[in-house]
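Hi,

Here is the structure I said I would pass on. Have a look at it first, and my notes on what turned up follow below.

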Amino acid sequence: MIVIFSGAGLSAESGIPTYRDTGGVWEKYNMEEVATPLAWMQNRKLVLDFHAEDFEYMQKCQPNAAHLAIAELANHVDVVCITQNIDTLLEKAGVKDIWHIHGRIDYQKCEWHFDIPPMYSDWQCDYKSLINEPVKLGDLCPKCGKHLRPDVVWFGEAVDMHVDDLYRIQNQVDVFIVVGTSAQVYPAANLLKFFQNVPRKYFIDPDPNTELLDGFTLLKGKATKYLPALVESLKEELA
Ligand code: OAD
Ligand code: ZN
């Protein structure tokens, strides 16, 4: 089995800006004003406008050669994609097994939808649905009447790391590929530790955080350059 852990760099060549590079999202926006629960409480309109912009351009973007290479690989071997990306370019490329640990821009959920243990389920509303247009101010939950919000994870919120699934696959992983992430955001970045004993590990990034590279073969460059090439060699090897 091959696990591919991706970040914004995977979609950069589809025209989606990364977060922390020069010209990235967090240069243009103050993260605390648009992507935290407190921001939502203080100024819903600003938070919704930020996500609406993401929704509009992410809908228009197309998968690049790296997404398509992953889809091709998945035709030959078991591939699990764990992505921090809220775009759906892996889906558009035809990849099936994708864990969106930071949510998806094309879903909305009730603002009262929390990732909390079932014993507290009286305190939440589980409404969630696919959307064709971004969430607007005044869009209310059809189930409980509270406000709707995008189904993305904000800073300070719980992340569903699919822990049961992680333990299920941990010992079956032959190759671990990390692509296009600064791995600065936790708990997502813990995956590098979790899969540290996988026999073969590759890190694809033009400007990687060098502290993270222990045990990895570094492919220093863009995702569209190295993923298709890596997929070809893995396919040959596995054929
Ligand atoms: P970052 O913006 O932190 O890191 C992007 C990484 O992609 C950097 O290491 C770049 O060098 C690399 N990169 C840039 N262009 C690339 C290319 N063409 N091919 C390959 N790599 C390239 O983005 P993430 O690590 O994804 O959180 O950020 C993690 C989280 O922080 C995001 O999911 C988002 C953000 O705040 C939420 O939305 C919750
Ligand atoms: Zn609700």
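**Salt bridges, then the zinc site**

Lys136 and Glu133 form a salt bridge, with 3.6 Å between the closest N and O atoms. Before you read on, keep in mind that this is a predicted model. Both partners sit in the middle class for accessibility: Lys136 is partly exposed, with a relative accessible area of 44%, and Glu133 is partly exposed too, at 48%.

A second pair is Arg200 with Glu237, where the closest N and O atoms are 2.6 Å apart. This one links distant parts of the chain, since Arg200 belongs to strand β8 (residues 200–204) and Glu237 to helix α10 (residues 223–238), 37 residues apart. Arg200 has a relative accessible area of 28%, so it counts as partly exposed. Glu237 is also partly exposed, at 46% relative accessibility. There is a network as well: Glu72, Glu232 and Lys235 are joined into one by salt bridges that share partners.

How many salt bridges are there by this rule? The count comes to 15. Another of them pairs Arg104 with Glu91, at 3.4 Å between the closest N and O atoms. Because Arg104 is in strand β4 and Glu91 is in helix α7 (residues 89–93), this pair ties together parts that are 13 residues apart in sequence. Glu91 is partly exposed, with a relative accessible area of 25%.

Is Asp151 buried or exposed? Its relative accessible area is 8%; buried means under 20%, so Asp151 is buried. Setting aside neighbours within four places in sequence, Asp151 is in contact with His102, Gly103, Arg104, Tyr107, Gln108, Lys109 and Lys128.

Which residues coordinate the zinc ion (ligand 2)? The donors are the SG atoms of Cys110, Cys125, Cys141 and Cys144, at 2.2 to 2.4 Å. The angles among these four donor atoms run from 96 to 115°, and the site is tetrahedral. Four donors count as tetrahedral if all angles lie between 85 and 135 degrees. Along the chain, the donors of the zinc ion (ligand 2) are spaced as C-x14-C-x15-C-x2-C.

Why do Cys125 and Cys141 tie together parts that are 16 residues apart in sequence? Cys125 is in the loop between β4 (103–110) and β5 (128–130), while Cys141 is in the loop between β5 and β6 (148–152), so the pair connects those two parts. Both of these cysteines are buried: Cys125 has a relative accessible area of 7%, and for Cys141 the value is 4%.

The loop between β4 and β5 also holds Trp112. Together with Phe114 and Trp123, Trp112 makes a nonpolar surface patch of about 340 Å². Trp112 is partly exposed, at 36% relative accessibility. A residue needs over 30% relative accessible area to be part of a patch, so Trp112 passes that cut-off with its 36%.

To recap the parts I would open first: the zinc ion (ligand 2) with its tetrahedral site, the patch of Trp112, Phe114 and Trp123, and the Arg200 and Glu237 salt bridge.

Cheers

Notes. Residues are numbered from 1 along each chain as its sequence is written. Chains are lettered from A and ligands numbered from 1 in the order in which they are written. This is a predicted model: local features need pLDDT of at least 70, side-chain atom pairs count only at pLDDT 80 or more; totals for chains, interfaces and linings use all residues. Side-chain values use heavy atoms; hydrogens and water are left out. Donors are N, O and S atoms within 2.8 Å of the metal (3.2 Å for Na, K and Ca); water is not among the atoms, so sites may look incomplete. Four donors count as tetrahedral if all angles lie between 85 and 135 degrees; four count as square planar and six as octahedral if opposite donors are over 155 degrees apart and all others between 65 and 115; anything else is irregular. Helices (H or I, at least four residues) and strands (E, at least two) are DSSP runs, numbered from the N terminus. Buried means under 20% relative accessible area, exposed over 50%, partly exposed in between (1.4 Å probe, protein chains only). Patches are made of residues with over 30% relative accessible area and no salt bridge: like charges are joined within 9 Å, nonpolar side chains (Val, Leu, Ile, Met, Phe, Trp, Tyr) within 5 Å. Accessible areas come from the Shrake-Rupley method with a 1.4 Å probe; for residues, only the protein chains shown count as cover. A salt bridge is a side-chain nitrogen of Lys or Arg within 4 Å of a carboxyl oxygen of Asp or Glu. Contact means heavy atoms within 4.5 Å.
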